[in-house]
Amino acid sequence: MREISGCGHIGIFDQSGKLYDGELVMRAIAAMHERGNGLGGGFAVYGCYPEYRDYYAFHLIFDDEHVRKEAESFLEEKFFIEYAEPIPVEQSKRLYTEKSSGINPEEERPEIVPPLLWRYFAKTQKSDSEKHISDDDYVVSMVMHINEKIDGAYVISSGKNMGVFKGVGYAEDLAEFFKIADYRGYAWVGHTRFPTNTPGWWGGAHPFTLLDWAVTHNGEISSYGINKRHLEMFGYKCTLMTDTEVMTYILDLLIRRHKLPIEIALKAVAPPFWKNIDRMPDEERELIKALRMVYGSLMVNGPFAIIFAWSRGMVGINDRIKLRPMVAGVKGERVFISSEESAIREICPEPDRVWNPRAGQPVIAELKEEPEYAVSRK
Amino acid sequence: MPFPGNKSLIQPKFRQVINKELCRRCKRCILSCGFGALKFENGVVGIAEKCVACHRCVNVCPEGAITIQFSELSYRPHSYWRPDIIEELYCQAETGGVVLASMGNEREFRSYFDHIVIDACQVTNPSIDPLREPMELRTFIGRKPDKIEVEKTHDNHYKLKTKLPRNVVLDTPIIFGGMSLGSISLQAQKALAMAAQRCGILMNSGEGGLHKELHPYAEHIIVQCASGRFGVNREYLERSAMIEIKIGQGAKPGIGGHLPGEKVTAPISETRMIPIGTDALSPAPHHDIYSIEDLRQLIFSLKEATRYEKPVCVKISAVHNVAAIASGITRAGADAIYIDGFRGGTGAAPKTVRDNVGIPIELALAAVDDQLRREGIRNQVSLIAAGGIRTAGDMIKAIGLGADAVAICTAALIALGCHMCQQCHTGNCSWGIATQRPELTRRLDPEWGAERLVNLVNAWSYELKEVLGLLGVNAVESFRGNRERLRGVGLNEVELRILGIKHAGE
Amino acid sequence: MSQVEQKPKENQQEKVVIDACHTYYKQLNDKVHFVVNNGASIVELRNVNGQRYIANAVKKKVTIYIYGTPGNNLASFMDGAEVYVFGNAQEQVANTMNGGKVVIYGNASDVVGYGMRGGKVFIRGDVGYRVGIHMKEYKHQIPAIVVGGTTGDFLGEYMAGGILLILGLNCNDPEQLVGDWTGTGMHGGMIITRRFPIPEHKLGREPVQVELNESDKRKIEQLVREFSNDFELNAEEILKAPFYKYIPLTHRPYGNLYAPQP
């Protein structure tokens with residue numbers, strides 16, 4: 001069955017590369033508690049593993065020890081693993097969330113019941129016949145293999161110097177469970193989920209990732225069926241049946257593989273209406289017309305607001321007729337993208353500017369300076 | 001001129017046959033026809049192209065002199081290009097319009113109700129005599145907690161500690177579904193409200209406010225909040241037994257309503273709070289619901305507005321993903337879900353939508369009940385099944401498949417005299433039901449109508465008791481969702497799997 | 001945690017201050033309804049951030065001051081109260097509002113005044129998408145929304161009554177004053193823009209521009225004066241600019257769309 005879910009999300013990006021801990025994202029997501037239903041939440045952080053910044057950081061979940069052994073023997077064959085450990089967790093104490101206007105003190109919240117959670121820092125180990133494949137493409141095919149072929153194992157994230165922590169529960173409880181406040185990064189994404197499908201699977205939460213892409217999504221993609229079929233022609237396997245998975249692959253295809261500039265790729269995803277295309281100057285019109293003709297099957301139709309991040313930037317965008325909310329804010333070099341203004345104000349009471357971006361117009365944050373990590377490089 | 005006088009190519013469907021010998025020229029038939037299909041020219045003459053076979057003239061003729069027959073004009077047979085398709089094309093070529101139709105999907109899709117049979121006790125367990133033994137039909141619509149807690153009082157008794165969410169009670173698991181003032185007449189709405197009160201059940205105002213003549217029945221009325229928000233204010237919400245958010249309707253999933261200006265007469269203008277003669281547009285969607293968490297917001301906005309005193313029901317059409325949608329609605333905080341199957345009726349819908357969109361209620365209901373049970377949240381919400389419940393048999397099977405209650409609309413209108421001529425969209429209903437013309441609506445005496453509706457509900461309730469008795473249970477909740485007591489006949493494996501029933505003989 | 005600092009007495013004109021900091025909306029609104037029902041005539045809410053449904057269905061003639069960012073559905077179903085927001089508002093302000101007044105000193109997001117049937121909403125800054133959607137009027141109940149800044153797409157969609165007045169106070173570009181598809185599906189009421197007419201390509205199919213009559217001018221002046229008074233602006237300056245009026249071509253935009261089944 002197709003998954004449908006609503007949600008709330010927040011992205012925080014420091015363009016100066018300054019590092020800060022996860023308490024901010026955690027408080028912001030708690031303020032939007034009402035947008036989730038306790039069946040999913042998650043966080044992505046960039047800049048959190050500086051000591052392993054040249055290694056792919058794999059976060060995996062396993063149903064049991066047997067599956068872990070199976071997946072690990074596959075990883076060992078395909079990668080050189082520098083370091084592996086269980087992801088540190090502790091049962092949520094709900095220290096931060098007790099004091100949020102977003103949370104009903106009378107509501108009972110479920111305990112977090114995790115699967116096995118592990119992380120691996122690894123470099124590719126290609127065979128001779130695989131030498132021509134780029135590292136990224138190699139990692140993508142290995143991720144697809146694990147997700148599709150190893151039953152009970154699932155890759156939560158696979159980028160460098162970034163990680164995703166997600167699962168089943170309220171987002172703010174998961175934040176404490178994963179000890180999000182202990183990590184530091186220059187970019188954070190938080191998501192609280194309102195799924196309408198069978199609960200219980202940690203892989204189904206957001207952010208959804210591939211390499212260093214992390215995508216969170218609010219809404220439902222009515223064009224899902226054709227987006228999926230088009231992506232399948234390019235080798236993507238949409239195993240999760242979620243809108244967000246499709247969104248991630250569309251961005252990977254357009255930006256990484258087809259090398260479209262981000263602004264242009266987004267015009268394919270949320271293109272202008274023909275009425276307005278017809279009024280454009282010649283050059284622009286020909287470009288947009290071509291985008292619609294070639295990538296018509298990748299147009300994302302239906303209500304959506306997405307936040308996607310990668311190691312150099314973060315973008316928020318919503319659909320062509322603005323069926324989902326999106327608010328942006330700026331304070332100095334720090335950019336905020338959120339479902340609700342109150343979440344931004346929760347962590348930044350006096351932003352320089354807060355605005356509601358118009359439909360289809362992206363908010364783009366990009367790294368201007370390199371982050372300065374406190375640890376020495378390995 | 002291709003055709004003399006631009007005459008329509010559409011042929012009459014019916015013709016009135018008038019027995020000149022029996023007719024005593026009283027002209028009652030002419031006066032009674034809402035469609036102007038009879039005239040007087042040296043005797044009563046039928047205007048065939050205007051006749052819709054509503055049978056009002058047949059009914060009023062004191063001599064039994066009128067009968068209605070199919071027009072004899074035949075097309076050369078073609079199994080694919082049928083006469084109805086040819087004429088639909090003529091109609092669009094002549095008007096350039098979207099073809100409008102009324103009542104439910106008319107196509108010959110399989111009716112699953114007709115392929116389900118019910119178990120009975122024989123020897124190994126006793127059936128119960130429903131006439132002389134107790135037989136309980138009382139049904140509660142609303143959210144139920146997973147468990148209750150009790151506490152000891154100072155005098156060592158136990159008392160209930162858990163505060164149960166607000167539920168509404170039905171004396172029998174039947175509801176009159178949403179039919180707005182506009183789609184039907186005030187007289188018809190009054191008959192429904194009076195009957196609901198007498199039967200201890202509920203009627204639904206439909207979209208467009210609650211006319212003041214219905215205010216005395218408020219405790220038996222579900223008020224609707226649809227996308228146009230017509231007539232919706234705080235008093236309206238408070239004057240109700242339950243509030244229903246209308247997302248969709250079985251006859252026209254995904255599209256909204258449109259009451260044409262000519263039907264916006266004085267009573268409707270007053271109730272909808274819009275000027276006389278303006279179109280009342282309530283297109284899908286609700287513009288404060290574009291996603292599931294927005295539905296939660298409207299549900300709680302309504303609960304806040306009524307200080308948590310009224311249960312909130314969400315009405316959706318049965319569509320492909322209905323199970324996932326229902327799960328989301330439950331988690332969004334709804335107290336009840338009204339699922340309307342594709343046989344559901346309408347006062348007006350584009351024919352293409354009515355006949356081609358949506359799924360059968362039997363499959364939708366089974367899928368929703370299953371999904372909510374898998375997720376362990378079925379108790380949190382009541383399910384009301386609707387959209388093609390014709391008889392007590394259909395109602396009973398729907399309950400067996402998992403419905404807490406059924407809602408009926410077309411069947412109720414038929415009780416009020418509807419002859420299924422399917423011309424509601426014209427507003428000419430000769431029976432005074434689906435019209436706002438005062439000379440027609442006054443034909444329907446609410447008291448007469450209420451009595452017939454009470455009879456219908458009582459008869460169905462008795463039939464339900466009969467079946468519960470033969471199943472050997474004496475409370476409807478023992479049969480609700482008890483699919484073990486249903487079997488399929490002539491259904492394939494996929495159909496049986498979705499319905500969650502075995503084939504007869506298994 | 002929050003607390004009611006002053007206890008209201010029965011039937012007495014009183015100001016009550018409530019600190020909303022870290023209070024969930026249900027508890028906050030319980031308090032607001034409690035003090036309003038017990039005779040408070042002014043309620044001041046401090047440290048509001050994201051709480052939904054504030055002033056929802058409040059019928060009493062009470063004035064509510066909100067400091068912070070109120071959550072979605074502010075003043076929905078409201079019927080008579082006055083609400084002043086010293087900050088921005090989120091989505092669905094004045095949803096299905098029946099009467100009263102909402103004054104927002106900052107911006108408001110999408111879907112302001114959905115199905116609004118009476119009262120006034122004044123917004124000093126900009127508004128988002130679908131403002132005034134399904135707005136309707138009935139007899140003496142004629143709702144009005146006045147926007148100081150600019151609007152997003154689908155302004156006045158399905159509008160059936162009332163007045164939408166878009167002032168564009170800091171707007172120097174006619175393309176930025178209103179969004180696309182303005183007045184689409186409109187079949188009643190009027191949209192009035194200040195300074196610039198709506199470019200043809202931004203209008204929906206239904207609205208047409210017509211001359212202002214004397215009654216319109218009086219109505220505009222009245223609204224602008226009240227608006228200027230609330231926000232301490234110079235009404236004379238605002239009224240100097242030209243105004244443009246849009247009404248639907250017909251009350252029956254879809255009269256010819258349908259044909260009865262043969």
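The dialogue below turns to a helix and then to a pair of domains.

Mentor: This is a predicted model, in which local features need pLDDT of at least 70, side-chain atom pairs count only at pLDDT 80 or more, and totals for chains, interfaces and linings use all residues. Residues are numbered from 1 along each chain as its sequence is written, while chains are lettered from A and ligands numbered from 1 in the order in which they are written.

Trainee: Which residues are buried in helix 3 of chain C?

Mentor: An α-helix has 3.6 residues a turn, so residues three or four places apart point the same way. Helices are DSSP runs of H or I with at least four residues, and strands are runs of E with at least two, numbered from the N terminus. The buried residues of helix 3 of chain C (20 or more other C-beta atoms within 10 Å of their own, C-beta atoms being placed from the backbone) are Ile220(C), Leu223(C), Val224(C) and Phe227(C). They lie on the same side of helix 3 of chain C because they cover an arc of only 100° around the axis, taken from the directions from the helix axis to the C-beta atoms.

Trainee: Which exposed residues does the face turned away from the buried side carry?

Mentor: Exposed means 12 or fewer such atoms; that face of helix 3 of chain C carries Glu214(C), Ser215(C), Arg218(C), Gln222(C) and Asn229(C). Glu232(C), which follows helix 3 of chain C, has a positive phi, near 55°.

Trainee: Into which domains is chain B divided?

Mentor: Domain bounds come from an automatic or database domain assignment; chain B has domain 1 (4-97) and domain 2 (171-503). Their centres, taken over C-alpha atoms, are separated by 33 Å. Nine residues from domain 1 of chain B and nine residues from domain 2 of chain B make the contact (C-beta atoms, placed from the backbone, within 7 Å).

Terms used
Two residues are in contact if their C-beta atoms, placed from the backbone, lie within 7 Å.
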